[in-house]
Amino acid sequence: MLFSAQDWDELETSLRSCKKCPLAENRTNVVVGEGNRSAELMFVGEAPGADEDIQGRPFVGKAGQLLDKIFEVVGLDRKEVYITNTVKCRPPGNRVPNNQEMTACAPFLEMQIELVNPAALIALGSTALTWFLGKGYAITKARGKWYRWRYRFVFAVFHPSYLLRNPSRKKGSPKWYMWQDMLHLMEVYGRIKNGERIDSILKDYPERLG
Ligand code: SF4
């Protein structure tokens, strides 16, 4: 299906006036998402935090700054990818969005995925992973692996805020695993950019299929 700029406009208009869940009550801004609308990589985090709520942009607080740093180190330009969250309004006190809120907001994320049509989805942390796969996947075990979601592939990595709480870089630490996972992702991304199909690329990494 082909989408147009008008579809994005309609999505953004619906989002900005959305009151489908109680998170609408306390928001300053709806944080739609940003980046390349034709990206091959689409990152999905949990929810906007305080900085994101104020600025109306995803991943601009401390966790976002760390994500930018990770991108820079592995040579990924933030403008090349698309970044959003499972819910578009800030949960009070930065709590995890509940099922009701995630379900209410899900059609927006589903639409964004259809519009961007990325080769790979990247779930940042356990909330995003649960959004895709349902409960039963611990991020500490699922990270670094690819999963099927509908007819797409989702790669699980730690959320940057988890890395902020676990600053060690020692071998076996969350930061160390993030580094390994991002290097792998960049390898796959390089091949996607060379025109290879993701399903055939992933055949070369059977140990990473979840
Ligand atoms: S979080 Fe999503 S569903 Fe809830 S009010 Fe915001 S845009 Fe609407």
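Cys-21 first. In this predicted model, Cys-21 has 16% relative accessibility, so it counts as buried, the cut-off being under 20%. Cys-18 is at 13%, and therefore also counts as buried. Now the disulfides: a search of the whole structure finds 0. As a reminder, a disulfide is a covalent bond between the sulfur atoms of two cysteines.

Next, the nonpolar core. The largest one has 68 residues. Within that core, the residues with the most contacts are Leu-41, Phe-43, Leu-76, Phe-132 and Trp-146. Helix 4, residues 99–116, supplies the largest share of this core, 9 residues.

Take Leu-76 from that list. What is Leu-76 in contact with, leaving aside its neighbours within four places in sequence? The partners are Leu-41, Phe-43, Phe-71, Val-81, Met-182, Met-186 and Tyr-189. Leu-41 and Phe-43 are themselves among the core residues with the most contacts.

On to helix 8, residues 174–193, where Trp-179 sits. Is Trp-179 buried, partly exposed or exposed? Its relative accessibility is 38%, so Trp-179 counts as partly exposed. Together with Val-73 and Leu-183, Trp-179 forms a nonpolar patch on the surface. The accessible area of the three together is about 280 Å².

Last, Thr-127, which is found in helix 5, residues 126–133. Thr-127 counts as buried because its relative accessibility is 7%. Setting aside neighbours within four places in sequence, Thr-127 is in contact with Glu-46, Thr-86, Val-96, Pro-97 and Met-102.

Key. Residues numbered from 1 in each chain as written. Predicted model: local features only at pLDDT ≥ 70, side-chain atom pairs only at ≥ 80, totals over all residues. Heavy atoms only, no water. Core = buried A, V, L, I, M, F, W, Y, C linked by side-chain atoms within 4.5 Å. Buried < 20%, exposed > 50% of the residue type's maximum accessible area, 1.4 Å probe, protein only. Helix = DSSP H or I, 4+ residues; strand = E, 2+ residues; numbered from the N terminus. Contact = heavy atoms within 4.5 Å. Patch = residues over 30% accessible without salt bridge, like charges linked within 9 Å, V, L, I, M, F, W, Y side chains within 5 Å. Areas by Shrake-Rupley, 256 points an atom, 1.4 Å probe, with all protein chains shown as cover. Salt bridge = Lys/Arg side-chain N within 4 Å of Asp/Glu carboxyl O. Disulfide = S-S within 2.5 Å.
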